[in-house]
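My notes follow the display.

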Amino acid sequence: MPNIKIVGTGLLGTSLGLALSRQGITPQLADQSKSALRLAVEYGAGEMTGPEPDLVVVCVPPDATADVVIRQLQDHPSAVVTDVASVKVEIAHQVSESGLGDRYVGSHPMAGREKGGPAAARADLFFARPWVITPHAGNTNDAIELIRDVALRVGALPVQLASADHDKAVALVSHLPQLVASALASQLNAGTEDELSLSGQGLRDTARIAASDPELWVQIISQNSKALLPLISGMRAELEALETALSDIAAPGSLAKVHSLLTRGNAGIAKIPGKHGGKFADYSQLTVMIDDSPGSLATLFTFIGDIGVNIEDFKLEHSPGAPIGLVELQVLPDVSQRLSEELEKNGWRLV
């Protein structure tokens, strides 16, 4: 088993430590914040001391990542050093200029939460999530495989990309959604209490990530602005066309423009991979009404498991002002009809 050092005990660093500890690897932890470091150790994510590392994983904010990577390469001359920052090109460039880049292999686990810090850490944070590895020409196969091995140990799915391809991809699937969610949520500041009391799950779903740390996202966006700019321009064009249509909704072609946007949205959501790599839209959806009381959700899931049906995904929505919950179940189409019949036969209420 490799000796591993984790620098930075925030959400990702502590989660990685917890996940590795479950696999019998006790990483050495380091952090400038003594309180964060102590908390991560108390949670069981690792120890403050350890042997000379084979691999150092830098889990610090993007602005500091390159400097910390270079420092770790200097402090541990035989170790491979990677990082978890969500932008790779700029960091790789800075490390390359140091002359120590052969032992640096960039990486990025596609995992996170709106909350940060060691208190938000989870040992299963990386499970079934892509872990992108972005090697360069100077890296050895052994160095790349070391990071791949760590990703597999914590249940992640290793993916290899060039740094520029990674930055372009995350601009589309991560950074643009963050900015769009923030722009949407910012409009809520003009809402009255009565208006916002009508908020449903659709708003919560689309605005959820707007609760993310602004300081962290300013760093991420500033390092990936070139990849984001054409996407922002595309969004602006969509909104301008929609604005034109809504300004005179009775004009010929206005409704067609609105319909076209909604249809393209359908096509886009259908391209998102599902649980097993298939299309998200290939699943059938059933919505079950349950009591908003302890044990109701567990009882539903137990029943579904007992009849031999696997839930591919689910979403729970609470009805404002009513003691009920709506459970949206995603299942494979070939079991949807049987599940529906079994639920209704056994007294469950379908919506």
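I wrote down a rule before starting: angles under 35 degrees count as roughly parallel, over 145 as roughly antiparallel, 65 to 115 as roughly perpendicular, and the rest as oblique. I also noted that this is a predicted model.

Entry one, a helix pair. I looked up helix α12, residues 296-306, and helix α13, residues 333-345. They pack at an angle of about 125°. Their axes are 11 Å apart. By my rule, α12 and α13 are therefore oblique to each other. I then checked the handedness: α12 crosses α13 in a right-handed way.

Which residues make the contact? From α12 I listed L300, F303 and I304. From α13 I listed L339, E342 and L343. I sorted the contact of α12 with α13 by class and got five nonpolar residues, no polar ones and one charged.

Entry two, a sheet. I found three strands in an open sheet, ordered β5-β6-β7. The pairing is mixed. Which strands stand at the edges? I noted β5 (106-109) and β7 (157-160) there. Each has a single partner strand, so one side of each is left without a neighbour in the sheet.

How many bridges join β6 to β7? I recorded four. Strand β6 covers residues 130-134, and the two strands run parallel. I picked out W131 and looked for its bridge partner in β7. That partner is P158.

Methods. Residues are numbered from 1 along each chain as its sequence is written. This is a predicted model: local features need pLDDT of at least 70, side-chain atom pairs count only at pLDDT 80 or more; totals for chains, interfaces and linings use all residues. Side-chain values use heavy atoms; hydrogens and water are left out. Axes are lines fitted to C-alpha atoms, for helices over the stretch in contact, and angles run from 0 to 180 degrees between N-to-C directions. A crossing is left-handed if the near helix is turned anticlockwise from the far one by less than a right angle, and right-handed if clockwise. Contact means heavy atoms within 4.5 Å. Ala, Val, Leu, Ile, Met, Phe, Trp, Tyr, Cys and Pro count as nonpolar, Asp, Glu, Lys and Arg as charged, and the others, Gly among them, as polar. Two strands pair if DSSP finds at least two bridges between them.
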